[in-house]
Amino acid sequence: MARKTVNIELNRVEGDLEFQVDLEGDRVADARCIGTLFRGFEQLLIGRAPKDALVITPRVCGICGTAHLFTTALALERMNDVPVPAHATIIRNLCLMAENVQSDIRQTFLFFAPDLLNPRYADHALAPALEKAFKPLQGSVVLSALDVSRTLVEIVAIFGGQWPHSTYMIPGGVTRPATVSDIIDCREIVDKAVRWFEKEVVGDSLDNWLSLDTAERFLEWVDEPAHRDTALGLFTRFARDQGLHTYGAGTDQFLSAGAHYDPVEWQAPYGEQRTLLAGGVYDGATHKIEAFRPELITEHVRHSWYRPYPDGRHPFEGETVPDYQPESDRYSWAKAPRYDDRVVETGPLAELLTGGDALIVDLLKKEGANTWLRQFARLRRASVLLDLMRAQLKALSQELNNPHYLAPADGSLDDGDGFGFVQAARGTLGHWVQVRNGEITRYQIVTPTAWNASPKDSAGRHGHWEQSVIGLPLTDIDNPIEISHVVRSHDPCLVCTVHFVGAGKKVRYGV
Amino acid sequence: MATMLWLQTGACSGDTMSLLNAHGPSLESLVANGDIQVLWHPSISTEPTSHLAKLIEQIEKGERELDILCVEGSLITGPYGTGMFDSFRGRAKIDIVRALAGQAQAVLAVGSCAAFGGIPAAPPNPTDCTGMQFTRDTAGGMFDTAWRSKSGMPVINLGGCPTHPLTITRTLAMLAQGLPVELDAHNRPTAFFNQMVHQGCTRNEYHEYDVEDTELGGRACMFFNLGCQGPTTMANCNSELWNQRSSKTRAGVPCFGCTSPNFPKNGDLFRTEKMGEVPVTLPLGVSRGHYMAYKNLAQAAAPMRVRDKKMDT
Ligand code: SF4
Ligand code: SF4
């Protein structure tokens, strides 16, 4: 079954991850984030009809398929400036918001919270309360989170027929217009989620919670009786007591492409991103924001199992030829994306920093990036989006009699180069497509996980996750729960594993 | 109580999401009712992965019973037959699956990847992957056709990309409660694969009168021009609505036949191959002669409301 690999690009989409660290004493001296799965999605697309990408790319990821679908539609539209009606953009936004909020809720309560029940914390005063709330498949918050996340994706099913994996966003719009019933149904779903968030997560009205704008006000608020025993109260008080707000920073550069498209401003000819939450690169040292410039993205493969090339390449010029070399200093199926030669972090924290959430900006200024803040930002984003969803539904009700789809002009999908970005649940997602004579000739995907979980690049710079654990002291090297917290605060894909090598002694690889 | 272990191989987690979306029964109710005990699931288990490694070892050695093995994702054999495109702790996942399947009472291939190879097995199949007991529509995949689990069943194929949420949890319930599981020719439980997507599609009246859409975004039938495979695809999408709300065809998305062994088909997914006016692949069981005869009649008989595509979907 040997296969000669052909000279075209393929991929490293999010898949299984392992994480290796080197210890010196009880301190992490080096770290390797290892993508252990290679699926070759970009190769599957070569030679296919352009619209087929709308069926295939959502299957890159079952958790953020809506984001992939949206990005594919944008990339195809951008090849020849295909117009998209506002009606469609609003529906696309709503569906992506539903997917992202669903993911934020599941990630927080199904994937991050269980680590708070680690045996290490068994004697902690909050342990019984944490257990009651966060016990997998049994805790009160977990059960209600499952229920509400399941309900939220019904919004995608209303417009797309099912979640996950559908193909209702198409170049020029969406496959079905919104109806009056849809607006009522979606509103009911959003309201249910808001009620849950107010009762279980914050113990306050959404408006009040969103109006908290300084670290000081927040820290007082969270200690008030109405808030201290909510899901957010428990998580925050416990995490800060354990010092999760003091470690796990990583790089201080935060990337967001800008979240959710402005339905009116984002029209052909497509120039800069026009988004509801502004994008950019937020500098954690100067607290300044630069504009996001897609042309500054490159990908390195020096430490990845791909045929080597020097430095980094822009995705339009990149190649991805697998070259598995287990006995070398290369260690991952992930490439190393860099922005303007910088290691960046992407995700809800970045999205809210560039988007100007006053509370998140103030917390970063006071305490720097950290594990608790990253996870906190995820819950914060869920509520920001729930609020935005209500506004989008209002806007949608104004569009009911306007077209949901404008058939692209003949030939506009047959030739061209396009790219698109959205903010997926885990951060900035980019697709680059090249079409010639009605066939895809190149397809390149850079996932949020690729940004965060990248291995070292050609200059030897560690990826962001690696940086966020290097130097970390461990309380118990046989139960390295700190690493778990840091890694999970990034919302790694489901099967991320903290693969721990050489407990108790220094293990060195040729890196 | 049936023990269940869920492994992800070359997967996208879509079937896991589907599992979490199931509402009746939900996974949490199967657990609460004492039907299922989850030994391991990558997104639910809280133990470190060393626990999974230990479980694998115990099951392999026969020290621990495994009732249901669920596999999500395609079985990757690349590069060069090593399986190392997809590994766990330096061991190819296909080897782990092979070892565990040999000890399990029942083995479920959850999703079209595990069942038939799915999207990753589409040409040029960059990772050399297969399904568990099928390679697309050819019987025999990672296991040959004679392979049987301990209870004497072949791999039970829950086709779909992803599998319908209720198909997953109901199959788990059937196995846990000792209900009979009857399989079709592709080893899919007939209870969920005994009807076509076309049955129950709200666009059926358009289909009957041969009122066709030529562009996406419309209200009429998508079979004639837009590649809809509803009339040849066995699945319950239009009778058990997705997420309790809708289905792809209701939302104006052609059925791509994702529960079938040959998903995704080669060639343009949004186009219907035709010979003259007539689709090359006709609805299941329909003869070309009859089809030609009634197609023109149907068109002529279409009432105005249907011809004008005024009926909402
Ligand atoms: S069958 Fe579909 S949903 Fe399931 S793992 Fe494969 S791509 Fe994902
Ligand atoms: S759209 Fe597809 S499933 Fe619906 S009636 Fe037409 S052929 Fe059947």
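The shell around ligand 1 divides into five nonpolar, five polar and two charged residues; Ala, Val, Leu, Ile, Met, Phe, Trp, Tyr, Cys and Pro count as nonpolar, Asp, Glu, Lys and Arg as charged, and the others, Gly among them, as polar. This is a predicted model, in which local features need pLDDT of at least 70, side-chain atom pairs count only at pLDDT 80 or more, and totals for chains, interfaces and linings use all residues. Residues are numbered from 1 along each chain as its sequence is written, chains are lettered from A and ligands numbered from 1 in the order in which they are written, and side-chain values use heavy atoms, without hydrogens and water.

**Exercise 1.** Work out why the site of ligand 1 counts as shared between chains.

*Solution.* Start with the neighbours, meaning residues with a heavy atom within 4 Å. Among them are A:R59, A:H165, B:C12 and B:D15. Residues from chains A and B surround the ligand, so the site is shared.

**Exercise 2.** Find the charged residue around ligand 2.

*Solution.* The shell has six nonpolar, five polar and one charged residue. Its members include B:H198, B:C201, B:R203 and B:N204. Arg counts as charged, which picks out B:R203.

**Exercise 3.** Describe helix α4 of chain A.

*Solution.* First, take its length: residues 86–112 make 27 residues and reach 37 Å from first C-alpha to last. Next, look for a bend: a kink of about 25 degrees is centred on A:R106. Finally, check burial (under 20% relative accessible area, 1.4 Å probe, protein chains only): 27 of the 27 residues in α4(A) are buried.

Methods: Helices (H or I, at least four residues) and strands (E, at least two) are DSSP runs, numbered from the N terminus. The expected span of a helix is 1.5 Å times one less than its number of residues. The bend at a residue is the angle between axes fitted to the seven residues ending there and the seven starting there. Buried means under 20% relative accessible area, exposed over 50%, partly exposed in between (1.4 Å probe, protein chains only).
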